[in-house]
Amino acid sequence: MKLVDKKYIASFDIDAQNTFTPVCPNELPVVGGNEIADELNAQAKFASVRVGSRDAHTMSALWLSDADHAPLTPVEGNYPDLDIRWPAHAIIGTKGFDFIDGLDPKAYDFQVFKGIEVDKHPYGACYHDLANKLSTGVIEYLKLKGITTVICGGLATDYCVKNTVLQLKDAGFDVILNKAACRGIAPETIATAMEEMTAAGVKFVECASELEA
């Protein structure tokens with residue numbers, strides 16, 4: 001891995017929220033999701049810019065599952081930015097919306113709130129829509145700052161992390177995924193996500209200390 005000056009590097013904390021951890025067992029908990037703060041903070045030391053994203057949903061969302069609509073079933077109707085239903089999670093103002101313990105909201109130079117609109121449920125943090133057309137502004141921000149390399153971690157590996165990483169690659173950034181700063185949902189989907197990211201040219205480190213080496 002070639003040496004890159006720190007001024008060209010950003011660190012990206014993707015959806016590192018309580019909603020994706022055992023702290024919120026009734027939302028979308030990922031095993032070990034609340035254990036990645038130290039690695040996210042460690043990788044940020046190698047960057048000049050730190051950005052973060054958060055799911056930011058409301059109880060008016062059209063994708064919410066309920067007694068008549070089970071989770072993971074398709075959303076009916078003409079909603080191009082909705083695919084399947086999910087349990088209520090990352091509702092603004094709740095503990096699930098908050099960053100995991102160990103992360104300081106004031107440490108970020110730029111934050112993305114995604115999924116505020118009732119008819120949108122994006123996964124990647126770079127776009128508000130599933131077609132990758134409606135920018136959240138983070139790509140433009142990173143380019144304005146002269147960033148060429150982005151170190152990523154967050155939750156979950158096989159969904160929002162994978163999609164964000166692929167969006168960053170497609171935008172022309174070199175991307176490094178810190179495996180120790182991620183947790184995923186299932187071995188099979190994690191493996192598939194890793195294959196997709198590898199095929200896209202993403203680089204990997206086992207932990208932040210490898211960045212120094």
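**Notebook: core, sheet and aromatic pairs**

I began with Leu-142, which, leaving aside neighbours within four places in sequence, is in contact with Ala-10, Val-49, Val-51, Ile-147, Val-150, Leu-168 and Phe-173. I took contact to mean heavy atoms within 4.5 Å. I note that this is a predicted model, in which local features need pLDDT of at least 70 and side-chain atom pairs count only at pLDDT 80 or more, while totals for chains, interfaces and linings use all residues. Residues are numbered from 1 along each chain as its sequence is written, and side-chain values use heavy atoms, with hydrogens and water left out.

**Nonpolar cores**

I next looked up the largest nonpolar core, which has 50 residues; Phe-12, Leu-142, Cys-152, Leu-168, Phe-173 and Leu-177 touch the most other members. At least two residues of this core come from each of strand 1, helix 1 (37-44), strand 2, helix 2, strand 4, helix 3, strand 5 and helix 4 (187-199). I also found a second, separate core of seven residues, among them Ala-47, Ile-176, Val-205 and Leu-211. A nonpolar core is a set of buried Ala, Val, Leu, Ile, Met, Phe, Trp, Tyr and Cys residues joined through side-chain atoms within 4.5 Å. Buried means under 20% relative accessible area, exposed over 50%, and partly exposed in between, with a 1.4 Å probe and protein chains only. Helices (H or I, at least four residues) and strands (E, at least two) are DSSP runs, numbered from the N terminus.

I traced an open sheet of six strands in the order 3-2-1-4-5-6, with parallel pairing. Strand 3 and strand 6 (203-205) are the edge strands, each pairing on one side only. From one strand to the next, the twist averages 20°. Two strands pair if DSSP finds at least two bridges between them; strand 2 and strand 3, which run parallel, are joined by five. One entry I checked there is Ser-53, whose bridge partner in strand 3 is Val-112.

I then followed helix 3 (residues 157-170), which lies across strand 1 (9-14), strand 3, strand 4 (149-155) and strand 5 (174-183) and runs at about 165° to strand 5. Axes here are lines fitted to C-alpha atoms, for helices over the stretch in contact, and angles run from 0 to 180 degrees between N-to-C directions.

**Aromatic pairs**

I counted rings of Phe, Tyr and Trp (its six-membered ring) as paired if their centres lie within 6.5 Å; planes under 30 degrees apart are stacked, over 60 edge-to-face and the rest tilted. The count comes to six aromatic pairs. Phe-97 and Phe-113 have ring centres 5.3 Å apart and planes at 85°, so this pair is edge-to-face. Phe-97 lies in the loop between strand 2 and strand 3 and Phe-113 in strand 3, so the pair ties together parts 16 residues apart in sequence. Phe-97 is buried at 9% relative accessible area, whereas Phe-113 is partly exposed at 35%. Phe-99 and Tyr-108 form a stacked pair, 4.9 Å centre to centre with 20° between the planes, and both are buried. I also recorded a cluster of Trp-86, Tyr-123 and Tyr-159, linked by ring pairs.

**Two loop residues**

Ala-90 sits in the loop between strand 2 (49-55) and strand 3 (110-114) and counts as buried because its relative accessibility is 0%. Its contacts beyond four places in sequence include Asp-55, His-57 and Phe-97.

His-128 is in the loop between strand 3 and helix 2 (138-144) and counts as buried at 15% relative accessibility. Among the residues that His-128 touches, not counting those up to four places away, I noted Phe-113, Lys-114 and Leu-134.
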